[in-house]
Structures are given as structure tokens and as C-alpha cells.
Amino acid sequence: MTRLDSFIRRLEAQRACLNLAADRIVDLPGPVLELGLGNGRTYSHLRDLLPGRQIFVLEREVRCHPADLPDPQHLLLGDFRDTLPSAGDRLPGKTALAHADIGSGDHEATAELASWLAGALPALLAEGAWVVSDQPLPHWSLLPQPLPTEVPANRYFLYCHCSARAQRAAS
Ligand code: SAM
């Protein structure tokens, strides 16, 4: 597979997972978190998918297309490790959908960041929130969900946030 093929497949997987998760949270109120603005492509897609939702973006360095620059009230600028723990103070409620697209070429640093994020993110999530991620996020409250059929395993990751109490009630 060429790098072009791989890039296209990654974007197709992102889009399919975002579409699925946006559909699943239609009846769940709450804001959306976008971790990693980058060029702003997935932010643009989320805005289109979820026009009524407030979307809060976390990013350390804004380099997006000008059309996809979040307004200052919805941009938490800085390292995730500094901005995420206090993000709850800015949010109007618990998050219904979080998208983490945080990978870089440094696999070790990305894995370390994902491991930190897996521990920090659940505190901001509503019961039944969905998480879409480019990295695995192992946490007891994040239940892996089946990917859209066209997305190969481990290309993207989907989770539903479910507390221990809800997990006990379901079993
Ligand atoms: N989803 C974006 C898009 O569609 O254009 C691409 C996101 S890009 C793969 C990852 C982004 O995460 C980069 O813009 C990078 O600056 C940001 N990022 C990575 N680690 C970060 C950290 N520790 N704190 C804040 N931002 C970080």
C-alpha cells in the first residue's frame, strides 16, 4: 500500500467513525470535544454533522485553514495535559462526543499521550458519550464499540463511556 493509499484510508476511516458516532449521540445532549485541530478537516466535518452543538477544540499550536478557526471561547490553546484537566470549567455540561486525533510521527510519545488521555478524558464525559480516536484509549469506563464495516480493525477506535454503575445494571 502506498503512503497515499494509507492516508486516504485513514481519512475514510475517520469520516466513517465520526459519522457513526454523531448518529449515536443525536439524543444525548452536551458539547463536543475536538482534541487536535491540525488542519481543521475533522473540525469542519464535525461542525457540518452537528450544527447545533458547541464544539470545544484543544490544540497547542493553531495551524488550521482560516475557515476552520474556532472562536476564542471555543479554543483551549495549550498542551492537552494543561488544558484538558480544567476544560470542565469552560464546558456547558458533560461531553456527548469526543474526537481525539493526536498521533504524530513519534510513536512512543503518541502512545504515552494516549495513555495519559485515556485516564484524563472520562471525567469530562457524559454517561453514554461516544469517543472516536486515532489511538487506543484503554480505560475501564470506555467500552470498545464495533467499527463501521468498511473500517479495518485498529485503524480507528470507537468507545462508549459507561460508568461502573451502568455496567453493573446491564449485566
Ligand atoms: N484532526 C486534524 C485534522 O483533521 O486536520 C488533524 C490533527 S493532527 C493529526 C494532530 C494535532 O494534535 C496537531 O495539530 C498537534 O499540534 C496536536 N497535538 C498533538 N499533541 C498535542 C498535545 N500534547 N497538546 C496539544 N495539541 C497536541
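Reply: Start with the nonpolar surface patch. Leu4, Phe7 and Ile8 make it, and its area is about 280 Å². The model is predicted, so read every value here as computed from that prediction. Leu4 sits in helix 1, which spans residues 3–24. Is Leu4 buried or exposed? Leu4 counts as exposed, because its relative accessibility is 56% and the cut-off for exposed is over 50%.

Stay on helix 1 and move to its charge. Arg10 forms a salt bridge with Asp101, with the closest N and O atoms 3.1 Å apart. This pair links distant parts of the chain. Arg10 is in helix 1, while Asp101 lies in the loop between strand 4 (95–100) and helix 4 (107–120). The two residues are 91 apart in the chain. How exposed are the partners? Arg10 has a relative accessible area of 28%, so Arg10 is partly exposed. Asp101 counts as buried, because its relative accessibility is 18% and buried means under 20%.

Asp101 leads on to the ligand. The ligand is surrounded by 18 residues. The closest are Asn39, Thr42, Glu59, Phe80 and Asp101. Which polar atoms face it? A polar backbone atom of Gly36 is 3.4 Å from a ligand nitrogen. A polar backbone atom of Arg41 is 3.3 Å from a ligand oxygen. In the side chain of Arg63, an N or O atom is 3.4 Å from an oxygen of the ligand. On its own, the ligand has 600 Å² of accessible area, and the protein covers 88% of that.

Arg63 also has a charged partner. Its side chain meets that of Glu61 in a salt bridge (3.5 Å, N to O). Arg63 is exposed, because its relative accessible area is 56%. Glu61 is partly exposed at 42%. The general point is simple: side chains of opposite charge can pair when their charged atoms come close.

Helix 2 covers residues 41–49. Its buried residues include Thr42, Tyr43 and Leu46. Seen down the helix axis, the buried residues of helix 2 fall within an arc of 105 degrees, so they line one face of the helix. The face turned away from that buried side carries the exposed residues Arg41 and Asp48.

Helix 2 also holds Arg47. The side chains of Arg47 and Asp68 meet in a salt bridge (3.1 Å, N to O). Here too the pair links distant parts of the chain. Asp68 is in the loop between strand 2 (55–59) and strand 3 (75–77), and the partners are 21 residues apart. Asp68 has a relative accessible area of 10%, so Asp68 is buried. Arg47 is partly exposed, because its relative accessible area is 35%.

How many salt bridges does a search of the whole structure find? The search finds four. Among them are Arg10 with Asp101, Asp68 with Arg47, and Arg63 with Glu61.

One backbone detail remains. Asn154 is not a glycine, yet it has a positive phi of about 70 degrees. Asn154 is found in the loop between strand 6 (142–144) and strand 7 (157–161). Its relative accessible area is 61%, so Asn154 is exposed.

Terms used. Residues numbered from 1 in each chain as written. Predicted model: local features only at pLDDT ≥ 70, side-chain atom pairs only at ≥ 80, totals over all residues. Heavy atoms only, no water. Patch = residues over 30% accessible without salt bridge, like charges linked within 9 Å, V, L, I, M, F, W, Y side chains within 5 Å. Areas by Shrake-Rupley, 256 points an atom, 1.4 Å probe, with all protein chains shown as cover. Helix = DSSP H or I, 4+ residues; strand = E, 2+ residues; numbered from the N terminus. Buried < 20%, exposed > 50% of the residue type's maximum accessible area, 1.4 Å probe, protein only. Near = heavy atom within 4 Å. Polar contact = N/O pair within 3.5 Å; in protein donor to acceptor, adjacent residues only side chain to side chain. Arc of directions from axis to C-beta.
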